[in-house]
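Please open the model in a viewer and keep the selection panel at hand.

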Amino acid sequence: MYTTEETTLANLPLGRRGIVKSLDAEGIIRRRLLDLGLIPGTVVEPIRKSPAGDPIAFKIRGAVIALRLEEGHRVCVRPL
Amino acid sequence: MGLTYQRSAKRVLRANFVNSPASDYIVALAGNPNTGKSTVFNALTGLKQHTGNWPGKTVIQAYGNYRYKGKMITLVDLPGTYSLFTNSPEEEVARDFICFGEPDVTIVVVDATCLERNLNFVLQVMEITPKTIMCLNLIDEARRRNIHIDYKKLQDKLGVPVIPTAARNGEGLNQLKDTVNRLASGLICPNPRQLRYEDSIEKTIEELAAELIPTLQDRINKRWIALRLIEGDYSVIASIKKYLGSSTFKEEFEYGTDTPRMGCFK
Ligand SMILES: Nc1nc2c(ncn2[C@@H]2O[C@H](COP(=O)(O)OP(=O)(O)OP(=O)(O)O)[C@@H](O)[C@H]2O)c(=O)[nH]1
Ligand SMILES: [Mg+2]
């Protein structure tokens, strides 16, 4: 994927970093994503996929955190 | 009379969490996953709570004792979480202990190699209790990576003590123990920086907090409880009922089910 068009975190290929643009979530899910460090402007990198492709482990602000696909799809990113 | 009541009420509340009547101080260890909480716990208590190089090791809380300058201190090792507000079982354990267990001190263990990501949790704890110490752990690893932290300045900005440590080799732990005793005995009184919300929220906090005084008196942070009520955080309300008695909150405090949770975080 060489495009820099906005997509969701769950669609980023392994090793391709992206910058968080916005969150498509409200309430407790939004709170959870924010508290994991997914604030607009944050650079994130997918580093591992589980065999089934769900969850995916991301490097977020110095910690490795697994997100479920449904969570990953709520984070809009621009690939870097 | 007032004092005696406060003291015994506190003991009753605590008995929900830690059965350690002989201890002088109860101290909680909280923080993000994998920051070295269990390593600090083991180093101070001499116990062997399991540690591991991956997050999520500690699920149930463990407790153990140590002595320092004639005092018996009970240390409670809490599960690591990134938040106190998204209601996973680990978060509820940590949140309820810090809030309703009324520890004499809460040590937030942070990873000095990724300080920024840890500060969010530190602020969440400082919002619950001023009796907070930041344990700036893995300072050896930070040094190795050429990360320099001006912890004096950090301490000034946060308003709580910041103690650099490398728990795995014991560095800084004496200073940590000393600071725990001084804070628990009232020799130092931190003044943590508080988040301010928009005016309309601040106004509601004030009103609710005032209404909470008759029930909570000077126990439990009324500003924090008011914030949770504004959010309509049912999990916290359930904990309030559990630990403070169901009569504490009348139905009117429970807010309608149509109130969206976390309304103010939209
Ligand atoms: N270099 C270094 N490593 C440390 C230090 N403290 C802890 N560690 C290591 O960091 C890893 C995690 O430590 P734990 O004590 O299990 O962390 P925890 O905060 O209890 O983790 P959870 O219970 O999963 O939240 C272990 O491999 C420790 O040996 C330290 O000060 N320096
Ligand atoms: Mg642990």
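Two strands are taken to pair if DSSP finds at least two bridges between them. The model is predicted, and the stops below are to be read accordingly.

**Stop 1: the sheet of chain B.** Select the strands of chain B that make up its open sheet: there are six, in the order 2-3-1-4-5-6, and their pairing is mixed. Strand 2 (62–68) and strand 6 (162–164) of chain B are the edge strands, each pairing on one side only. On average, neighbouring strands of this sheet are turned by 25° against each other, direction ignored.

**Stop 2: a parallel pair.** Next select residues 105–111 and 132–137 of chain B, which are strand 4 and strand 5. These two strands of chain B run in the parallel sense and are joined over six bridges. Within this pair, display Val109(B): the residue opposite, in strand 5 of chain B, is Cys135(B).

**Stop 3**

**Stop 4: the contact of chain B and chain A.** Now show both chains. The contact draws 15 residues from chain B and 13 residues from chain A. About 1,300 Å² is buried between chain B and chain A, and carbon and sulfur atoms give 56% of this area. Seven residue pairs are in polar contact across the interface, both residues being at pLDDT 80 or more. On the side of chain B that touches chain A, helix 4 (residues 115–128) of chain B gives the most, with four residues. The residues of that side of chain B comprise five nonpolar, five polar and five charged.

**Stop 5: the sheet of chain A.** Finally, select the open sheet of chain A, whose six strands follow the order 1-6-2-3-4-5 with antiparallel pairing. The edges are strand 1 (7–8) and strand 5 (63–67) of chain A, each of which pairs on one side only. Strand 1 of chain A pairs with strand 6 (residues 75–79) of chain A in the antiparallel sense over two bridges. In this pair, Thr8(A) stands opposite Cys76(A) of strand 6 of chain A. Helix 1 (residues 27–35) of chain A packs on the sheet and touches strand 2 (18–23), strand 5 and strand 6 of chain A. The direction of helix 1 of chain A makes about 155° with that of strand 2 of chain A.

Note on methods. Residues are numbered from 1 along each chain as its sequence is written. Chains are lettered from A and ligands numbered from 1 in the order in which they are written. This is a predicted model: local features need pLDDT of at least 70, side-chain atom pairs count only at pLDDT 80 or more; totals for chains, interfaces and linings use all residues. Side-chain values use heavy atoms; hydrogens and water are left out. Axes are lines fitted to C-alpha atoms, for helices over the stretch in contact, and angles run from 0 to 180 degrees between N-to-C directions. Contact means heavy atoms within 4.5 Å. Buried area is the accessible area (1.4 Å probe) that two parts lose on being put together, summed over both. A polar contact is a pair of N or O atoms within 3.5 Å; within protein, one must be able to donate a hydrogen and the other to accept it, and residues adjacent in sequence count only if both atoms are side-chain atoms. Ala, Val, Leu, Ile, Met, Phe, Trp, Tyr, Cys and Pro count as nonpolar, Asp, Glu, Lys and Arg as charged, and the others, Gly among them, as polar.
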